[in-house]
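Let's take a quick look at a few loop residues in this model. Here are the sequence and structure to follow along with.

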Amino acid sequence: MEVLNNGQVQLKDLLRLSLRLRKVLSQFSIRLDQYYILLLLHDDPGLTPRKFIQKISKKPSHITRAMNSLATAELIERRVGADRRTVPTYLTKKGTVLIK
C-alpha cells in the first residue's frame, strides 16, 4: 500500500484492501458491516442497540438485521438488561476467535 508524503493512502489501495477483506469475510459468511459490529463489540463489550446507532451511521432496522444474523451464527449474544430496551450485546467465544 503506497502512502503519500502527507500520510494519505491512495484510494485505489483502499479499494483493493476492501475487496480483499470482503473476500476473506465471505469465507465465514460475514459481510463487512457485520464485521464492523464485531470489531465494535470487541473494543466495547456490552454495547446496547442505542449505542450502536450512535456509532454506526445506518438505519436501526439495518443494524437489527445484521445483529440478528450474527446472533444466529452464534457470533454475538444478547443479554437481558435492566429493561427490555436495554439489551447489552457481547461477542461469543466463536465471535472472539473470528476477530483474532
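Start with Glu-74, which sits in the loop between helix H4 (60–72) and strand S1 (76–78). Helices (H or I, at least four residues) and strands (E, at least two) are DSSP runs, numbered from the N terminus. Keep in mind that this is a predicted model: local features need pLDDT of at least 70, side-chain atom pairs count only at pLDDT 80 or more, and totals for chains, interfaces and linings use all residues. Residues are numbered from 1 along each chain as its sequence is written, and side-chain values use heavy atoms, leaving out hydrogens and water.

Glu-74 isn't a glycine, yet its phi is positive, near 60 degrees. Ser-29, also not a glycine, has a positive phi of about 60 degrees; look for Ser-29 in the loop between helix H1 (11–26) and helix H2 (32–43).

Now for Thr-92, in the loop between strand S2 (89–91) and helix H5 (93–99). A polar atom of its side chain lies 2.6 Å from the backbone oxygen of Glu-74. Leaving aside residues up to four places away in sequence, Thr-92 touches Glu-74, Leu-75, Ile-76 and Glu-77 (contact means heavy atoms within 4.5 Å).

| Residue | Relative accessible area | Class |
|---|---|---|
| Ser-29 | 65% | exposed |
| Glu-74 | 52% | exposed |
| Thr-92 | 16% | buried |

How values were computed. Buried < 20%, exposed > 50% of the residue type's maximum accessible area, 1.4 Å probe, protein only. Polar contact = N/O pair within 3.5 Å; in protein donor to acceptor, adjacent residues only side chain to side chain.
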